[in-house]
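Please read the points below with the model open beside them. They start with the whole chain and then move to single elements and residues.

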Amino acid sequence: MNRRKSLCFFLICAVLGAAAAVGSVYLQERLSGPKIEKWRLETPVVYSKELQDKVMEMQTEKQTCVLWRKKKFVCVENMELGRQVIIDAYGIAGSSSVLFPNANVLHTDDTGTCLLSSDVAWNLFGGTDIAGRNVSVDGVEYTVAGVVFQEEQLCVFELDPEKEQKLTHAAVYCERSEENQLQKQRINAALQQDSL
């Protein structure tokens, strides 16, 4: 009987040890795995053609980043059906996949296109299969590139560098979380030249 108890005790310890090792590896991967770092810029920057080129250059160097501004109480309208909603709008410079990883991607030079959250798509069109349809965002026409499945009602569109709008936030995506601070410092340094 004692031998049986010893064997059971040994098996329980082995299982618990294996579970702890697997848990440790999982936790280490979670802590050092891909991460998105978002922050408010100390000084807003004006989105110009030069800054657009700089953002595109960062992306070719595998620095996946996005700059943005958020505007509240924006009117988005389906002109065809006469439906409209008031939502938050994100004007972005860079890849939308940093802010919204599970959505169609807008790229730095995709001006004239937008993404709508699923709720907004339903309110304006009665469904989410709306790629290629047109909407007006505060009086400016955009072609819908896809849907963002977010709880927040929103619209995301690439800013036009010709309009020189202020950007107030930044985000970076890194494969390993320890790289985020380094990338954040690089982006802040690059933006200091373009700050107001």
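1. The accessible surface of the protein chain comes to about 11500 Å², and 52% of that belongs to carbon and sulfur atoms. Accessible areas come from the Shrake-Rupley method with a 1.4 Å probe, and for residues only the protein chains shown count as cover. This is a predicted model, in which local features need pLDDT of at least 70 and side-chain atom pairs count only at pLDDT 80 or more, while totals for chains, interfaces and linings use all residues. Residues are numbered from 1 along each chain as its sequence is written, and side-chain values use heavy atoms, with hydrogens and water left out.

2. The protein chain holds four helices and eight strands; helices (H or I, at least four residues) and strands (E, at least two) are DSSP runs, numbered from the N terminus. Their order from the N terminus is α-β-α-β-β-β-α-β-β-β-β-α. Of the 196 residues, 41% count as buried, where buried means under 20% relative accessible area, exposed over 50%, and partly exposed in between (1.4 Å probe, protein chains only). Of the contacts in the protein chain with a separation of 6 or more, 73% are between residues 24 or more positions apart; contact means heavy atoms within 4.5 Å.

3. Strand 8 (residues 166-174) is mostly covered, with seven of its nine residues buried. Strand 8 pairs with strand 1 (residues 35-46) in the antiparallel sense over eight bridges; two strands pair if DSSP finds at least two bridges between them. In that pairing E37 stands opposite V172 of strand 8. Strand 2 also runs antiparallel to strand 8, and five bridges join the two. There, L67 has A170 of strand 8 as its bridge partner.

4. Which residues of helix 3 (residues 118-125) are buried? They are S118, V120, A121, L124 and F125. Seen down the axis of helix 3, the buried residues fall within an arc of 160°, so they line one face of the helix; the arc is that of the directions from the helix axis to the C-beta atoms. An α-helix has 3.6 residues a turn, so residues three or four places apart point the same way. The buried residues of helix 3 pack against strand 2 (64-78), strand 3, strand 4, strand 5, strand 6 and strand 7. Just after helix 3, G126 takes a positive phi of about 80°.

5. The count of aromatic pairs comes to two; rings of Phe, Tyr and Trp (its six-membered ring) pair if their centres lie within 6.5 Å, and planes under 30 degrees apart count as stacked, over 60 as edge-to-face and the rest as tilted. One of them, Y90 with F100, is edge-to-face, at 5.8 Å centre to centre and 85° between the planes. This pair links distant parts of the chain, since Y90 is in strand 3 (residues 83-94) and F100 in the loop between strand 3 and strand 4 (113-117), 10 residues apart. Y90 and F100 are both buried.

6. The pair of Y142 and F157 is tilted, with 5.0 Å centre to centre and 40° between the planes. Y142 lies in strand 6 (residues 140-148) and F157 in strand 7 (residues 154-158), so the pair ties together parts that are 15 residues apart in sequence. Y142 and F157 are both buried.

7. S136, in strand 5 (residues 134-137), counts as buried because its relative accessibility is 9%. A polar atom of the S136 side chain lies 3.3 Å from the backbone nitrogen of G139. Not counting residues up to four places away in sequence, S136 touches C75, V76, E77, M79 and E141.

8. Phi of F73 is near 60°, a positive value; F73 lies in strand 2 and is exposed, at 69% relative accessibility. Phi of D138 is also positive, near 50°. D138 sits in the loop between strand 5 and strand 6 and is partly exposed, with a relative accessible area of 40%.

9. D110 is in the loop between strand 3 and strand 4. Is D110 buried, partly exposed or exposed? With a relative accessible area of 24%, D110 is partly exposed. Leaving aside neighbours within four places in sequence, D110 is in contact with V105 and E158. D110 and D160 are 50 residues apart in sequence, and their C-alpha atoms are 8.9 Å apart in space.

Terms used. A polar contact is a pair of N or O atoms within 3.5 Å; within protein, one must be able to donate a hydrogen and the other to accept it, and residues adjacent in sequence count only if both atoms are side-chain atoms.
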